[in-house]
Amino acid sequence: MKVLWLFAHPDRRSLSGSLMTEGLRTLDAHGHQHRVSDLYAMKWNPVVDAADYAHDPADRLLVGEASQRAYEGGHLAPDIRAEQEKLTWADTLIVQFPLWWYGMPAVLKGWFDRVFVKGFAFGLTNPATGRPRRYGDGRLTGKRAMVVTTAGARAATLGPRGVNGDLNDLLFPLQHGTLWYTGISVVPPLLIPGADRTTPTTYATAATRLRERLRTLPTTPPLPFRHQNGPDYDDDLLLHPTPTRPPGPAAHYTAPPPPAHP
């Protein structure tokens with residue numbers, strides 16, 4: 001694998017930092033290549049502005065159009081271009097962060113806001129059909145990703161019946177709405193719970209789990225998200241519902257039984 005490890009924690013001496021060190025050591029041991037984007041250490045700017053696109057601030061900033069023009073014209077800010085080059089090089093993305101307020105740290109959200117610009121990560125069209133290439137189809141198709149997240153909550157509280165909600169539901173905006181939207185296959189996340197109560201024993205367990213997940217990552221089946229242009233997604237049905245076929249993905253629709261004969 002060629003791995004881009006995207007790391008968002010303000011202290012490399014933290015549990016998160018120790019796990020990343022262990023993860024990179026594991027990749028080395030198995031002969032994989034890796035690059036690291038340590039966003040806090042890089043002092044990554046998470047804020048989108050006109051300077052990203054060499055855009056005249058006197059003119060209205062339409063981010064999608066301006067970012068696409070800058071990407072296609074080679075005018076993106078150097079820090080954005082550098083991150084896009086890393087992602088283009090990689091076939092695998094590890095996204096590691098502490099779960100804060102049910103989401104990722106702002107610096108990481110800002111990485112996606114600035115790096116995943118129109119023309120690079122989305123906004124492409126299939127010339128044969130005229131349909132947008134998204135949800136399993138796009139420039140980043142063929143890559144895979146795994147989220148590694150630490151949480152102060154216990155594991156049971158982040159499960160299907162947990163008071164904090166199911167982890168995959170909390171990660172849906174990232175895993176489905178960002179990664180899968182741009183074509184990246186997403187394997188199940190790795191949760192390290194109870195991070196505030198870590199002991200040498202629980203750390204050893206967490207490190208073992210991380211090593212095993214990295215070892216099996218190339219063959220891990222991805223999460224079963226729908227494909228935009230696949231047989232399990234019916235665009236025409238969404239646009240033209242009928243009384244017996246309400247709006248919604250065709251794969252989840254069951255036709256009503258025929259009326260009984262008197």
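This is a predicted model: local features need pLDDT of at least 70, side-chain atom pairs count only at pLDDT 80 or more; totals for chains, interfaces and linings use all residues.
Is R12 buried, partly exposed or exposed? R12 is partly exposed, with a relative accessible area of 42%, where buried means under 20% relative accessible area, exposed means over 50% and partly exposed lies in between, using a 1.4 Å probe and protein chains only. Residues are numbered from 1 along each chain as its sequence is written, and the side-chain values use heavy atoms, with hydrogens and water left out.

Let me start with the charged pairs. Side chains of opposite charge can pair when their charged atoms come close. A salt bridge here is a side-chain nitrogen of Lys or Arg within 4 Å of a carboxyl oxygen of Asp or Glu, and the structure holds eleven of these salt bridges. R12, with which I opened, forms one of them with D38, and the closest N and O atoms of that pair are 3.1 Å apart. This pair links distant parts of the chain, since D38 belongs to strand 2 (residues 33-38) while R12 lies in the loop between strand 1 (2-7) and helix 1 (15-29), 26 residues apart. For those names, helices (H or I, at least four residues) and strands (E, at least two) are DSSP runs numbered from the N terminus. D38 counts as buried, at 7% relative accessibility, whereas R12 is partly exposed.

Because E22 and R25 are three residues apart in helix 1, about one helical turn separates them. E22 is buried at 12% relative accessibility, while R25 is partly exposed with a relative accessible area of 48%.

In helix 8 (residues 200-216), R215 and E212 are likewise three residues apart and therefore separated by about one helical turn, and their side chains meet in a salt bridge at 2.6 Å, N to O. Both partners are partly exposed, R215 at 46% relative accessibility and E212 at 37%. Salt bridges that share partners also join E22, R25 and R211 into one network.

Turning to the rings, those of Phe, Tyr and Trp (its six-membered ring) pair if their centres lie within 6.5 Å, with planes under 30 degrees apart counted as stacked, over 60 as edge-to-face and the rest as tilted. By this rule there are six aromatic pairs. In one of them, the rings of F112 and F116 have centres 5.1 Å apart and planes at 80°, so the pair is edge-to-face. F112 is buried at 6% relative accessibility, and F116 is buried at 7%. The rings of Y135 and Y181 have centres 4.9 Å apart and planes at 80°, so this pair is edge-to-face. Y135 is partly exposed, at a relative accessible area of 22%. W111, F112 and F116 form one aromatic cluster.

Finally, I come to charges over rings, which are counted if NZ of Lys or CZ of Arg is within 6 Å of the ring centre and within 35 degrees of the ring normal. The charged end of R35 sits over the ring of W89, 4.2 Å from its centre, and R114 lies over the face of W44, at 4.8 Å from the ring centre.
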